[in-house]
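Subject: Structure for your review

Dear colleague,

I am passing on the structure below, and I would be glad if you could read the notes that follow with it open beside you.

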Amino acid sequence: MSSLHGLPEARARFVRGWFTENPTYVQLLGMCPTLAVTSTLPAAVTMAVATGVVLLCSNIITSLISRQLQPHLRILVYTLTIATFVTIVDRLLAAFAPAMSRQLGPYVPLIIVNCIIISRAEACASRQNLGTAVADALGQSGGFLLGLSSLGIVRELLGSGSLWGLPVLPENYPGMLIFVLPAGAFLTLGSLSGALNAIRMREKGTQ
Amino acid sequence: MLDLLLIGLSAALINNFVLSYFMGICPFLGVSRRLDSAFGMGAAVTFVMTISGGLTFLLQQYALIPLGLQILQYVAFIFVIAGTVQFVELYVQRFFEPLYRAFGVYLPMITTNCAVLGVCLLVWSKSYNTLAQALTFSFFGGVGFTLAIVIMAGLRESIDFADVPAPFRGTPIALFVAAILSMAFAGFAGMGSQ
């Protein structure tokens, strides 16, 4: 990754969020929505976008106000900022996509306690300028979107033989129920992250 | 009485918080391999879940709904939880010094444990209408969480001695174990749901 050090900080952070610091596969953050809402691809993408919007807004606010904050109050302020934006996103979702909002259920308000958002506020946004904080939020959201949609694709394809609700596999494909059930979420994430580890180890071996 | 029993059973086993709602996955996967500290962690989370489940139920029923302030629901809930965690932290620090040191960073992190906010939201979305129902659901939800992390801590002790292929060591194998546990708990689904 040495070529990235020459790039400006903001751009490097944007790229890192997608791949080398991917929140799902590398940092293992935000596991709760990752496992809970990825039984279909649309739900996974909606969740990732909602989380991304909240992350972006909270990073912007955190970056702007961090210098005025008392250190011991900062976590409380971060949490309340996040809770406010989650309320906004939740109301918007309920107004414009009521069916999706019902399907996601309590997992939309649970974005408040998603560790990705609070860890980005603490680790990046509170110390960087606005541009870097925005790039960081976009990078991390992109990585989260990659993580969630990869799980959503595998689970929807194997579980019901369709993608985004459209049937892809032949009609007589029975559908493996286990991939729609909670157990399938653990199984898919375990297999995918194991496979990624294997690829990473092989690359290290050939270098 | 029977309905309380059913609520409790459903929260602890049939719809286990960790294995079917995926709440509290972070401590579940990151939990230490020692049974006693897993149990301590579970007990602390159960305590916080019961208190904040009851408090947010009362807050919702007697303040937010009559005043028409449901829009503040999430902000109010997170305030109650943060307050409860602070209270528990002081209490444990004062009276259970060794436990406090064993918890380390985990105790303040209960605030961001999804199981705690999750239980408050589920009490509301399942529209329980008495305090007893809300408390039963919250308490047994915590019992289910404790059960899951204690089982996991026990299993991880054995996994450490197993010959796992290198790429699957650590989190992936823990996820596979969780998948098998989740299948076992799915067997309770036949007992009815509430």
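Within chain B, confidence is lowest in helix α6 (residues 106-109), where the mean pLDDT is 70, and highest in helix α8 (residues 131-159), where the mean is 91; pLDDT is the predictor's confidence in each residue, on a scale from 0 to 100. The average for chain B is 85, and 95% of the residues score at least 70, while the complex as a whole is given an ipTM of 0.85 and a pTM of 0.88 by the predictor.

This is a predicted model, in which local features need pLDDT of at least 70 and side-chain atom pairs count only at pLDDT 80 or more, whereas totals for chains, interfaces and linings use all residues. Residues are numbered from 1 along each chain as its sequence is written, and chains are lettered from A and ligands numbered from 1 in the order in which they are written. Helices are DSSP runs of H or I of at least four residues, numbered from the N terminus.

Turning to the interface, 33 residues of chain B are in contact with 33 residues of chain A, contact meaning that the C-beta atoms, placed from the backbone, lie within 7 Å. On the chain B side, α2 (25-30), α4 (73-95), α7 (114-125) and α9 (171-186) each supply at least two residues, and α9(B) gives the most, with nine. That side divides into 26 nonpolar, seven polar and no charged residues, where Ala, Val, Leu, Ile, Met, Phe, Trp, Tyr, Cys and Pro count as nonpolar, Asp, Glu, Lys and Arg as charged, and the others, Gly among them, as polar.

Inside chain B, the axes of α3(B) and α7(B), which are lines fitted to C-alpha atoms over the stretch in contact, come within 9 Å and cross at roughly 35°. Residues of α3(B), among them B:Val45, B:Met49 and B:Phe57, meet residues of α7(B) that include B:Val116, B:Cys120 and B:Trp124. By class, this contact has 10 nonpolar, four polar and no charged residues.

With best regards

How values were computed. Two residues are in contact if their C-beta atoms, placed from the backbone, lie within 7 Å. Axes are lines fitted to C-alpha atoms, for helices over the stretch in contact, and angles run from 0 to 180 degrees between N-to-C directions.
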